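Here is a colleague's note to be read beside the model.

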Protein chains: 4
Amino acid sequence: MRLWGGRFSGETDDRMRRFHDSFGFDRRLYAADIRGSVAYAAALLRAGLITDDERAAIVEGLGQVKQEFDDGTFEPLPGDEDIHTAVERRLTEIVGSPAGKLHTGRSRNDQIALDVRLWLIMSIDQVSALLTGVQSAIVDKAEVHSGLVMPGYTHLQAAQPVLFAHWLMSTFWMLERDRDRLADCRRRTAVCPLGSGALAGNPFAIDREALAADLGMESATPNSMDAVADRDFIAEFLFAAALIGIHTSRLAEDVVLYTSPGYRFLSIGEAYSTGSSLMPQKRNPDSMELARGKAGRLIGDLVSLLTVLKGLPSTYNKDMQEDKEPLFDAFDTLMLTLPVLAGVVGTITPHAEAMRAALDEAMLATDLADYLVRRGMPFREAHHISGRIVRRAEERDVPLSALALDDFRAESDVFESDVFTVFDFDSSVARRAVTGGTAPEAVAAQIDAARARLSSR
Amino acid sequence: MRLWGGRFSGETDDRMRRFHDSFGFDRRLYAADIRGSVAYAAALLRAGLITDDERAAIVEGLGQVKQEFDDGTFEPLPGDEDIHTAVERRLTEIVGSPAGKLHTGRSRNDQIALDVRLWLIMSIDQVSALLTGVQSAIVDKAEVHSGLVMPGYTHLQAAQPVLFAHWLMSTFWMLERDRDRLADCRRRTAVCPLGSGALAGNPFAIDREALAADLGMESATPNSMDAVADRDFIAEFLFAAALIGIHTSRLAEDVVLYTSPGYRFLSIGEAYSTGSSLMPQKRNPDSMELARGKAGRLIGDLVSLLTVLKGLPSTYNKDMQEDKEPLFDAFDTLMLTLPVLAGVVGTITPHAEAMRAALDEAMLATDLADYLVRRGMPFREAHHISGRIVRRAEERDVPLSALALDDFRAESDVFESDVFTVFDFDSSVARRAVTGGTAPEAVAAQIDAARARLSSR
Amino acid sequence: MRLWGGRFSGETDDRMRRFHDSFGFDRRLYAADIRGSVAYAAALLRAGLITDDERAAIVEGLGQVKQEFDDGTFEPLPGDEDIHTAVERRLTEIVGSPAGKLHTGRSRNDQIALDVRLWLIMSIDQVSALLTGVQSAIVDKAEVHSGLVMPGYTHLQAAQPVLFAHWLMSTFWMLERDRDRLADCRRRTAVCPLGSGALAGNPFAIDREALAADLGMESATPNSMDAVADRDFIAEFLFAAALIGIHTSRLAEDVVLYTSPGYRFLSIGEAYSTGSSLMPQKRNPDSMELARGKAGRLIGDLVSLLTVLKGLPSTYNKDMQEDKEPLFDAFDTLMLTLPVLAGVVGTITPHAEAMRAALDEAMLATDLADYLVRRGMPFREAHHISGRIVRRAEERDVPLSALALDDFRAESDVFESDVFTVFDFDSSVARRAVTGGTAPEAVAAQIDAARARLSSR
Amino acid sequence: MRLWGGRFSGETDDRMRRFHDSFGFDRRLYAADIRGSVAYAAALLRAGLITDDERAAIVEGLGQVKQEFDDGTFEPLPGDEDIHTAVERRLTEIVGSPAGKLHTGRSRNDQIALDVRLWLIMSIDQVSALLTGVQSAIVDKAEVHSGLVMPGYTHLQAAQPVLFAHWLMSTFWMLERDRDRLADCRRRTAVCPLGSGALAGNPFAIDREALAADLGMESATPNSMDAVADRDFIAEFLFAAALIGIHTSRLAEDVVLYTSPGYRFLSIGEAYSTGSSLMPQKRNPDSMELARGKAGRLIGDLVSLLTVLKGLPSTYNKDMQEDKEPLFDAFDTLMLTLPVLAGVVGTITPHAEAMRAALDEAMLATDLADYLVRRGMPFREAHHISGRIVRRAEERDVPLSALALDDFRAESDVFESDVFTVFDFDSSVARRAVTGGTAPEAVAAQIDAARARLSSR
């Protein structure tokens, strides 16, 4: 049963049917579709288009259809081209004639727009919860190792010492922005398109504000042609997902590096590593490599949708059926990736000795320049002097602290014997106590702020 | 003068210099860079690192540098590898030694992060203002032609009659979401990274909250490693820009269609059309085609940045210098496109006769089904009957209203002689009076709501 | 059974297993995997690493495994993390100890590289065959309607008359380039990586040239580290697929336009159209809209892979497991789309009257200018004069041929009474008889050339 | 002077002019544009449309225009909306009336298609030459350090020892495929569209094959509507460029890693490194980071064009003007990046001691398994035994060679005292002597093959 057969005389080509039908992937919208129909039945009742009994029959029938989907007993027929058709067909079988009234003034155009919005609202909540899980794992791990110092890198070159907890927390804030973006996206998603008809609006004086309220949405869409055309909320979710992927990929890159033989700053649980079919000694951080790779997939999903939408005429065009597969793929990817990420973070074991061994006094060259600054020298001059001292130590292949005071004074007589107090990694870290800095007290405050965020939503 | 020469003995390769230096494009950040330095000088004063006189000298010197940029008299030297170096070099020439103190505790890593944020805040405001301009043009044009009926399409097939004003307003709401997204992006951009140093935080007890407040920002970034690594705000702007591009492309597609010989529903001003070098009769809607094409460019800019960021190690990596050219390109593209779009909308002349001629009574088939529904028939059955009547009319090649009452009654005896009242396009439009519908009163309310939005920000 | 368990003590996390395992999608490589193993067994025999009997047992066992996959009776176990593991596990069950020798000197790194190449070679052949099918449908259709004249458009504005067959054939050549690109991609795919080991090469003196020859490949990869890292051939296929998508989308756009109510130049079979659940009169070209939308998906698949590969360290990284899903998705998309496209082309019915009605004499303005050129006037001057005459006719709202000779002569006294012979659409078409032009004889030659191409591969 | 003014009465809006005009970027096509016009003048002469004198005047005038562009003395006027207009305008000033004949039967649609093809052919040759430069630098460097052994990694975990030369050569073959792809692209670019007119073909019996031959192209495009619509060759170049970017990014990633403090296997010349404005000790591999980032830009350029083309109607649409900026950007990016890459490769200094120090005997675990295999044990069993021995050594924190023979025999009595000969990195490397393997002799053969490729084109 195609919903639109009346005017047609021929049959749909079989290859066309496979090409066209969306039930294979949009069936997962069933709960949203049924929820929307329950609300629409109430709206039809309010508008006097169906009776109380009809509404009751419809709602009960829809409940049964939902149960069948929930139980996996729903039996699709070849004509079930999409979720709307499948539900309406089955409802008709169950309740008969009232089912035929449910589509009054409604089009699949406003119906699918609603279904995807309802589904996405729930899905955003699930993704946000998983993000929170990763964030909690980060904060927990950071707290456990609160005083541990490690080398900090820029350009992957040794830069300055930082706290392990500070490094780890840097990912927390990336994910916090992601949750923030998802919340914005959720707000723009929770606008009700139902009652827009195919494009021109509902002709039966449906109360769209009441409908929106019934569905837990804040308002009704303000223009019916835009309502059936708008897929911004999907694009916005896909963008948020792509950024989550990028953030994940950056953490993953660090973990891959820091577990590699050149660094060995960390290890991750065996449960998140795998071996080699050829090389018996291997322990590969596959989980993190895959997480890094997933960023590509998520970016691809975003590009798919943006390209589909580009240059489409107004209102609904069938191209837009291509919105759902990237959406589902991105959601599924996040649902798979984020728990693994939380698991990996939870099993991270930092190796203090390797970190300490990698701390090189040249990373204190800025502190050496700052020493001069504190004694009144302009920074730019101090930077040059410190640079020359680094070169001097390098040429002799000794650490900075192995130079003699005379070596320092050869470059500037501002240096006094207290210059050697500079060469302490913990002090260097402790000096960076501004908001957001790596000093233990600043990181403790940062962790407090993070916990407050987690408990605020 | 390279800022970092102290430790180096050799020279930079010339090809490397061209490859590496960013002054060619980041010079447009000069105002933001100088504004940031003025604020930083105040912060250094508060922290006791410079004197009041030094601060005054710095601020005055920076004022002069800014003036030189404003006037176009700034003379770059070969060593000016980026905007920070250029400004500091010139400031040193002007004020001497205090200039050397300005970089105290500051890194180009936190400096560039600040500069781009400051620049972007201003740029978002400019783009939003241009969007408002397009929206105003839309509302104005919609109001002038408030009663005009045109064919509405889905799948580019005749669907239902709609108001021209309703069609036009559908773009208003797309752009309204764009403004909303830009506002969210602006909020996340207005967080101050200055005081994060290269990666570990500022060691001189700078008051970062005061610094943020001085720069009109709401808060300071909470983690210094994230602060120098974060380019989310740029990605978010590029995404918002890409969606603006998509919305523009959809309006453009409609205008190209509606000015094409098959439709001729609209014409746009000659000022926004061009001719052919070969075919004397041509009048091409180049402005709208280009606007449609720009969506591709904006999507490309977004992909560029996302791909650059994917898989980068934490903190700053030089790859991130590649953030600015897509950002500037997207901004410039919008600054060029949106005024033209506003101009085009302002010159749109709808052709009522062509619209009326294209209104086909088959577009009232849904109204015909609704006629039956209002008389108690379930919609699904009514839809089939209406479909059969459409086929009947099509086979005889006559409009629906040319069928006899008997033809209608042959399909259903619910039909009475009043069925012919259905075949009125204005009535069809008027029936869709729900919120967001195409009825004149609903569109009037929609326009009021739009005006209220425009005046609310 | 994980292939790599020896060194591991713990268990893999369940979420990790779902995240990591690829058998769910790479099982479709089974035939390629088994074919590669059969060849490898021969190579091991040649190198003296297994006996003739062992080889025979392996080959027979592999044959049985393949049969199980073919029949759908293969029963996966939880440990079957990928297709290689699954096949090796099952082979071990069947033939016992010789199975354990099959992986000698082989790694899953070179094995998967081979499998995907073998699979892709077959898949390219399938896609090429489908392209040929579309091309044949185009040529057939073009031949049937060889003399039909329609309006040609640029910028979607009326430009010059062209043959319907010429318009249709323009897509033929796009697809011909696609076939050409696929052939290039196939050539670069048919290089054998087996014998590269994990990264360093096979230590058992395998004859890699013989192995390549056994597998129908032209040569062996020249560097083992590159061999396991290279996914260029997949990217190249995805690019070729994206361009096929773009070509398809352009044809689809034209068909959507030309079947729309403003044009009605064509209709396509009902088997490739669908109706509306709300509007009984609708007949939507869904097949073509979907085909247009698929271009977005194909571009997204390409971007996914490119982004995954960007910035990866050399050799194999697990991120590369993300190469297969976009590849399979692109292939499946083409396998679904192209037959529908061929079907649609086959059912195109051109409507000669609508085409003729849309031919506007202003489309002959270039011919009018050419008239002057043939009488010695420089084209640029002739173009201006012709433009002024078009404006004159437009102002009077008459066709060009309704102007009086005096009107023409008022612009140039080169005009003689034979000017009215210009206003004939068939003559205009016939004049464009150069190679690639729209004249019937040129199109006939074009069709001959096309047929020759089709039969040459 | 707009070329198309005849029919227009109004003026172009100034914002529109900036939006629309392309002379700002397409002026770099001047040499191609002029070369095409010189050939077209010859074609007009052959067709009897101009005299020998007119042709001579045109050619001489075009020579002068080219000279002005070459010298930088060409003075654009506001009306020069694109390169074609600019050249024709200036030619008219120089030679008068014959200039007006040059556009006979020609459209800017076929003209721009030609110009870009001619430009791209030259540009491909330039890029290929630069690739050759990088490849030569690779081969030279590989030869100098032909015996040096370093750790090879997969998943960034220690895998097996390889030759430094082998690692470096792995990039050679990536770039070789790039050159191959560029050659294919060049072949598809070298097809002449001139003579296609605006869309319908040239009406003046131009000999298009002769025209193609004059321009050094192999054939003429077979369909005029496709000829003005086709931008595949640009997309193909952009794809080839994106893959070059990816290859470059992978080499860059390795260099960034191997120069990082965890590895220090390499250093690159100071000329390709930069320092830090804050941290005096830093030496950052900026050149390689930027090269890695450029991959994002190149992928973005590709996506821009693909998205622009998606869904366009047939023939020329103004959107296609957006093809040139991504093309030029990609070309410029390669022209900047590749010489730097060649420079960096030339200055790579491998640090043999650091490499040797990083060679860990666990990397010989596969060789240990192979030892068993050579004594008749199935590989799968040998792999497990070797894995257990690795774990045993790891638990005692000793290298494999420090285990006692009894330890080996505890796992398998196949082990004899000669097992200790396995623990030699050079032997391990030498065993992988198959084609493409890392053994010195295989690498020498590989280098010979590479040299042969370089000299063959």
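Predicted model: local features only at pLDDT ≥ 70, side-chain atom pairs only at ≥ 80, totals over all residues.

**Notes on the interfaces**

1. A salt bridge joins the side chains of D:Arg188 and C:Asp184, with 2.8 Å from N to O; the term is used here for a side-chain nitrogen of Lys or Arg within 4 Å of a carboxyl oxygen of Asp or Glu. Between chain C and chain D the count is 20 salt bridges, and a search of the whole structure finds 200 salt bridges over all chains.

2. Residues are numbered from 1 along each chain as its sequence is written, chains are lettered from A and ligands numbered from 1 in the order in which they are written, and side-chain values use heavy atoms, with hydrogens and water left out.

3. The contact of chain C with chain D, where contact means heavy atoms within 4.5 Å, takes 110 residues from chain C and 111 residues from chain D. The area buried between chain C and chain D is about 9000 Å², with 57% given by carbon and sulfur atoms; buried area is the accessible area (1.4 Å probe) that two parts lose on being put together, summed over both.

4. Polar contacts between chain C and chain D amount to 61 residue pairs, both residues at pLDDT 80 or more. The term covers a pair of N or O atoms within 3.5 Å; within protein, one must be able to donate a hydrogen and the other to accept it, and residues adjacent in sequence count only if both atoms are side-chain atoms. On the side of chain C that touches chain D, helix 10 (residues 232-258) of chain C gives the most, with 13 residues; helices (H or I, at least four residues) and strands (E, at least two) are DSSP runs, numbered from the N terminus. By class, that side of chain C has 45 nonpolar, 35 polar and 30 charged residues, where Ala, Val, Leu, Ile, Met, Phe, Trp, Tyr, Cys and Pro count as nonpolar, Asp, Glu, Lys and Arg as charged, and the others, Gly among them, as polar.

5. For chain B and chain A, a rotation of 180° with 0.0 Å of shift along its axis superposes chain B on chain A (RMSD 0.0 Å), which is the relation of a two-fold axis. Of the contact residues of chain B, 100% recur in chain A. Chain B and chain A bury about 9000 Å² between them, with 56% of it on carbon and sulfur atoms, and the contact takes 110 residues from chain B and 111 residues from chain A.

6. Within chain A, an automatic or database domain assignment gives domain 1 (12-104), domain 2 (109-357) and domain 3 (361-455). The C-alpha centres of domain 1 and domain 2 of chain A lie 31 Å apart, and about 2100 Å² is buried between these two domains, 62% of it given by carbon and sulfur atoms. In domain 1 of chain A, A:Phe25, A:Arg28 and A:Leu29 lose the most area to domain 2 of chain A, together 30% of what that side buries.

7. Two salt bridges are counted between domain 1 and domain 2 of chain A. The side chains of A:Arg46 and A:Asp214 meet in a salt bridge, at 3.5 Å from N to O, and this pair links distant parts of the chain, with A:Arg46 in helix 3 of chain A and A:Asp214 in helix 8 (residues 208-214) of chain A, 168 residues apart.

Terms used. Least-squares fit on C-alpha atoms with pLDDT ≥ 70 in both.
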